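Student: I'd like to learn how to read disulfides in a structure. Can we go through some together?

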Amino acid sequence: MRMRSRALLVLLLCSLLAGAANAEPSPDPTYKDCHPGDKAALLAFKAALGEAYHFASWTPDNPCCDWYDVTCDHFTGRVVGLAVFQDANLTGTIPSALAGLPHLQDLTLRHLPALSGPIPPAIGKLSNLSNLRISWTAVSGPVPSFLGALKKLTFLELSFNSLSGAIPASLGTIPNLSGINLSRNRLTGAIPPMFLSKSADQVYLWLSHNNLTGPVPAGFAAVNFAHLDLSRNDLTGDASGLFGRGKELQYIDLSRNDFDFDLSGVVLPEQLYFVDVSHNAIHGSIPAQVASLSNLQFFNVSYNRLCGPVPTGGNMERFDLYNFQHNKCLCGAPLPACKK
């Protein structure tokens, strides 16, 4: 009886092995050609830019997931990434054909100095977009308010362009937006009052080299900034709320504005490694706590109205006259000695 059971088991195993050998191989889930609609949109994008040589690999008989600058989802074949960069010969405006890429998650148009015109409404239709980078171009016009409809956006970079007008308040309604770079444009007006108030994670914000005016929004005191650059604008008022014990702020540049507040009572976040508040109207004295910030690599308070002794000890030997010059009555090394 035991021998018969063992023989049946051997026959069953042989049958299973034979079936496995004759079975059809599993199909490769990696798509070589993208969705036909995506392919048509990409070809229209190429045509709108004058069939530029940059897109030489973009031909109908070539699998579009192999095209230069294109990234596909390997399981669905949908185009999820488009990164066009570093081509001074690519001319024209941003093609509206981008609206035909509904699964696009990452769009980069960078170092394209002859790309001009406004940011088209087609980009506002890309509801799956999480990263949008348009930088180092001749793109002009306003920062469109329709970008606020991109609720999955986590990073927005529109730096080094010729954008003008105000920062749209709609950007502040994007729930997971943790990085915004609008530096090196021609933006004017005030920073919107509720800007970034919905951001829960660490926030990275660059607004430098614009023509922004008015005070820092009071709500910024509650934003969890890790990196904040407001330099080279015409901002005014009290920015002391950006500092404070327990904050995760590591980098802050407020230089070349018209901020006016008392630095004496400011508590600097422990993780700071870069502080530049030069060329403002800041008064009071330098907090002694500065000397004990072990991560601090750069500290510049020059061209303000500060008084009193420069703190000593700790990391203060890293900083020279350049960091403290042109204040009202600061004294002590590396400045002249304080009068007794």
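Student: Which hand does the disulfide of Cys-34 and Cys-64 have, and why?

Tutor: Keep in mind that this is a predicted model. The general idea: a disulfide is a covalent bond between the sulfur atoms of two cysteines. For Cys-34 and Cys-64, the torsion about the S-S bond is about -125°, so this disulfide is left-handed. Their S to S distance is 1.8 Å.

Student: Where in the chain do Cys-34 and Cys-64 sit?

Tutor: This pair links distant parts of the chain, 30 residues apart. Cys-34 is in the loop between α1 (2–22) and α2 (36–48), while Cys-64 is in the loop between α2 and β1 (70–72).

Student: Is Cys-64 buried or exposed?

Tutor: Buried counts as under 20% relative accessible area. Cys-64 has 0%, so it is buried, and Cys-34 is buried too, with 7%.

Student: How many disulfides does a search of the whole structure find?

Tutor: It finds 4. One of them joins Cys-65 and Cys-72, with sulfur atoms 2.2 Å apart. That link is left-handed, with -95° about the S-S bond. Cys-65 is buried at 15% relative accessibility, and Cys-72 is buried at 9%.

Student: What about Cys-331 and Cys-338: which hand does their disulfide have?

Tutor: The torsion there is about 90°, so the disulfide is right-handed. Its S to S distance is 1.9 Å. Cys-331 is buried, at 13%, whereas Cys-338 is partly exposed, at 32%.

Student: What is the pairing if I number the bonded cysteines in sequence order?

Tutor: Numbered that way, the pairing is 1-2, 3-4, 5-6, 7-8.

Definitions and conventions
Residues are numbered from 1 along each chain as its sequence is written. This is a predicted model: local features need pLDDT of at least 70, side-chain atom pairs count only at pLDDT 80 or more; totals for chains, interfaces and linings use all residues. Side-chain values use heavy atoms; hydrogens and water are left out. A disulfide is a pair of cysteine sulfur atoms within 2.5 Å. Helices (H or I, at least four residues) and strands (E, at least two) are DSSP runs, numbered from the N terminus. Buried means under 20% relative accessible area, exposed over 50%, partly exposed in between (1.4 Å probe, protein chains only).
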